[in-house]
Amino acid sequence: MASFITNVVKEILQNHQINNQLQLVMPSQRACVFLKEELLKNSSKASFLPEIVSIEEYIQKIAGINIIDNTKLLFEFYSVYKKVIPKENLEEFSSFSQWATTVLHDFNEVDSYLINAEQLFTNLSDVKQLNKWFQNKKPSELAVNYLHFFKYLHQIYKAFYQRLQKNKFGYQGLIYREAIQNLPYYININKNSHTVFIGFNALNGAEEKLVQELLQSGIASIYWDADASFFETTNEAGYFLRKYKTTWKYYTNHPFLWINKNSFSNKNIELIGAPKNISQIKLVGELLEKFNNYSKTAVVLADENLLNITLNSLPEKVEKINITMGYPLKDIPLANLFLNLFKLHLNQDKLGKTKQQEFYYKDVLNILSNSVLSKKCEKIIAKLKSKINTENAIFLNLKSLTESISNENELQFSELTLIFGKIDTVSQLIIVCKTLIEKLKQDVVGLEKEYLYRFYQIFQQLESLNNLYGYITDLKTFYQFFTQLLKVEKLSFKGEPLEGLQLMGMLETRTLDFENVIITSVNEGVLPGGKNEFSFIPFDIKVHFGLPTYQDKDAIFSYHFQRLLWRAKNIYLLYNTENDGYGGGEKSRFLTQLEIKYPFIKTSTVSPKVKSLKTAPIQIEKTEEIQQKLKHFFSKGISPSAIASYIYNPIQFYEQKILKIYDKDNVDENIAANTMGTAIHETLKDLYSPYLNTFLTVQHITEMQKKVAELLKKQFKIYYKKGTIEIGKNKLIYEVAKNQIQLFLKKELTLIKEGNTLKILEIETDLASEIQIKGINYSIKIIGTADRIDELNGVVRIVDYKTGKVISSDLKLPDFSMIKDNYKYTKAMQVMLYSFLYKQTFKKNNSPMESGIISFKNLNEGFLKINFAAGRSKDYEVTDEKIADFMIEIKEIIKAILNPKNPFIENLDLPF
């Protein structure tokens, strides 16, 4: 089937002389390229081509005004805003820029549809005044400013329009309004010319007036791409064409060109549901594998945000591709480099480190880890991370950074100085960004160089605009504005539009036809877009004044969707089946309409094949080498915590004790639980050490209480290097630790006041003993550090401090065999091993003995003792017999660890 453009060209060649008096106007620049190619194919003799322009170019020509760049338009708008709005109601540029684009959009529509601006904005202000916000109460300052804004809106519009008109540049709507003003003059001087409008559908108010005037003047003609089904009142796709056919005076005595009758009977149409966007795009790649000629194939992304993953999912056989939509700058890795650079300096100021010229370590790592720089400084990043983790360096300065890379040539010092140098003004920041681009361009090629050039253009433009207007006064404002800019600015792809696969958005398909069409994201909320209104003007006012609403936009996309299917042979319509918010869940009504009208259409759903994998536990056989390492480890000394590690997970024991693989150290921005625990332990050691083998008195405890704050700070400085405990969460953690120690000392004080005798025998003492195990031909050494050994009323107590919460049930151990099967009892196992080691070390002490834990999160329970009795009975005494029974189980655990026939098997049912 011949394409629409082919048919139009044949008609033009038959009815018009091809010369410079003929103008062909198309909806888009891309359509102009295809029209030009078709004219060249069908021209039988050498001649000059007629002027072929897009509607935007044509309107600018009539108006005599050039289009203004959106960024500059925003600065111009703020200039007018400052002059019109009273000083006390003015907003800073940073907040202004967040809503100004919406106002500019409304101005554009008001002018494009030739609406009486004064009437509309007066009505809008009245509507806002009538809102029942303020009944029976005084309005807030925010509400008053809101109403003032709408009160001044027409004044802003009028002043803004005049300013742009005077300077001979403007936004699209202004150019349309000016074109209509100049239309009589244009018609008068172009009586011998002829203009052909091709492939339009929804005209705005100005376009509609312009086309009608030219048609009535006899110097223009128009070709619509319409189907007979569009003139059925139930088909929203024909809403605009039906209106033009019935209301335009021109069509009372002229035919409506053209109305086709297209059939779907000989087409291959498939409706395919796929879960999530990524599944849709992967399916696109599979569908493209079926085609051999991509020059007649189009992939249409209804959701243009999928461009990135689409480009990475195309099959290798697609050699040439033409991309009609721009690549969002926010998705380019280079964007993150600059955003991280801005955050680096903003956070420096936010954290009060500007004077010291220090930077937050995460900001430093983020910027150096960016893919643009990481190729050059991989080793530097590794060194820095090691330095940061070792020293717990939360803040870094340029000196410490340069010291870290003194032996590396990957990143030049000038680049490092550039990034981490002192930046006080926006001008300095822009210069740094431009200079950084200059340095980076030497090491990149191809597309990456295009990225750099596009960002250089942006910084160049921002520099010029800020020098001219001076509205971006600080780094925060610049960061906010730059972030907004990234959301709208794109990198345009350049290529041969007539060759290869066409990857396009829905609006770019206007007037174009393809044999193979794949459309993605055909979901409600995407195609059509739904009720998303980017406007301050309420729906009712839009309807009253004739401004477009979401209903008009739905009709536009319905037209483009249906028109694209007419001349295609193979059509694949993909939608997201997942109900996950935006773009997901409900398939588009466009698809439902097709299914009802054409029952022969194939429908299916696809989903990725997910194989259920049975996770087998990791199993490590004990080779000769491993056995030798085990022998060395057990001969050197095994601690209670190592045995607990084996009970918890044998593989973890193997990794840590045999392979020496430990969890990676990270920077502790907030004091970690283990750091807090160590600080408390060491503080208690410092407090009690002067009173070893002395019966404690009330005066001793009182003296200790006075020293807590000083000694605790000292320990935090030792174990929390370069961290601060003066502010934030760390301050709270320090206070909690201090309060816990004070509460503990208070308990000790009460104990002594009640007449109990308490003597500290050992503090943080290292214990060790060797044992022999039948079947093992070497001695096993058991080691441990007892937090405290004291004597209370003649009873020796083996005490282990725990900063976490421990309850009495954790220490109920009526049967020692429970230890090897349940990690819960490892706390009891630990203090029992200390009891064994104490007995071996201090054999002459025959005093009765108890073992247990003091939990700093459960201090009200006091000393939690191991209870050896079953049920509700109590048996706290640690006897030689109990120790002997206990050691039988410990020896069994050790034999299991050392048994070469017993592999290390992963515990898949970890308790926590």
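Helices, meaning DSSP runs of H or I with at least four residues, and strands, meaning runs of E with at least two, are numbered from the N terminus.

Good morning, colleagues. What I present is a predicted model, in which local features need pLDDT of at least 70, side-chain atom pairs count only at pLDDT 80 or more, and totals for chains, interfaces and linings use all residues. Residues are numbered from 1 along each chain as its sequence is written, and side-chain values use heavy atoms, with hydrogens and water left out.

Let me stay with Asn-693 for a moment. Its phi is near 60°, a positive value in a residue other than glycine. Most residues other than glycine have a negative phi, and most peptide bonds are trans. In what follows, buried means under 20% relative accessible area, exposed means over 50%, and partly exposed lies in between, with a 1.4 Å probe and protein chains only. Asn-693 counts as exposed, because its relative accessibility is 53%.

Lys-276 also has a positive phi, near 70°. This lysine belongs to helix α12 (residues 276-288), and at a relative accessible area of 38% Lys-276 is partly exposed.

I turn next to the peptide bonds. Which residues does a cis peptide bond with omega of about -10° join? They are Leu-257 and Trp-258, and Trp-258 sits in the loop between α11 and β8 (259-260). Another cis bond, with omega of about 0°, links Leu-527 to Pro-528. Pro-528 is placed in the loop between β17 (516-520) and α23 (539-545).

Another loop residue deserves a word. Ser-229 is in the loop between β7 (226-227) and α11 (239-247), and it is buried, with a relative accessible area of 9%. Contact here means heavy atoms within 4.5 Å. Apart from its neighbours within four places in sequence, Ser-229 touches Asn-235, Gln-562 and Lys-597.

Helix α24 (residues 550-566) has 17 residues and spans 25 Å from first C-alpha to last, close to the 24 Å expected at 1.5 Å a residue. That expected span is 1.5 Å times one less than the number of residues. Because 13 of the 17 residues of α24 are buried, this helix is largely enclosed by the rest of the structure.

Helix α28 (residues 650-658) is likewise largely enclosed, because seven of its nine residues are buried. The buried residues are Pro-650, Ile-651, Phe-653, Tyr-654, Gln-656, Lys-657 and Ile-658. What do they pack against? Their partners are β20 (619-620), α26 (624-636), α27 (640-648), α33 (880-898) and β26 (904-905). After α28 comes Lys-660, with a positive phi near 60°.

Now to the aromatic rings. Rings of Phe, Tyr and Trp (its six-membered ring) pair if their centres lie within 6.5 Å; planes under 30 degrees apart count as stacked, over 60 as edge-to-face and the rest as tilted. How many aromatic pairs does the structure hold? There are 69. In one of them, the ring centres of Tyr-78 and Phe-93 are 5.2 Å apart and the planes stand at 75°, so the pair is edge-to-face. Since Tyr-78 lies in helix α4 (residues 70-84) and Phe-93 in helix α5, the pair ties together parts that are 15 residues apart in sequence. Tyr-78 is buried at 6% relative accessible area, and Phe-93 is buried at 2%.

Phe-96 and Trp-99 make a further edge-to-face pair, with 5.0 Å between centres and 75° between planes. Both lie in helix α5, three residues apart, about one turn of the helix. An α-helix has 3.6 residues a turn, so residues three or four places apart point the same way. Phe-96 and Trp-99 are both buried.

On a 1 Å grid over the protein atoms alone, a cavity is a set of points where a 1.4 Å probe fits but cannot get out, and lining residues have an atom within 4 Å of a point. Grid points are joined across faces, edges and corners, and a volume is the space filled by probe spheres set on the points. By this rule there is one cavity of 30 Å³ or more, and the largest cavity holds about 30 Å³. Its lining consists of Val-103, Asp-106, Phe-121, Leu-124, Leu-153, Phe-536 and Ile-537. Helices α5 (93-112) and α6 (117-130) each supply at least two of the lining residues. Thank you.

Technical notes:
1 Å grid on protein atoms, 1.4 Å probe; cavity = no way out; pocket = protein on both sides within 12 Å on 5 of 7 lines; lining within 4 Å.
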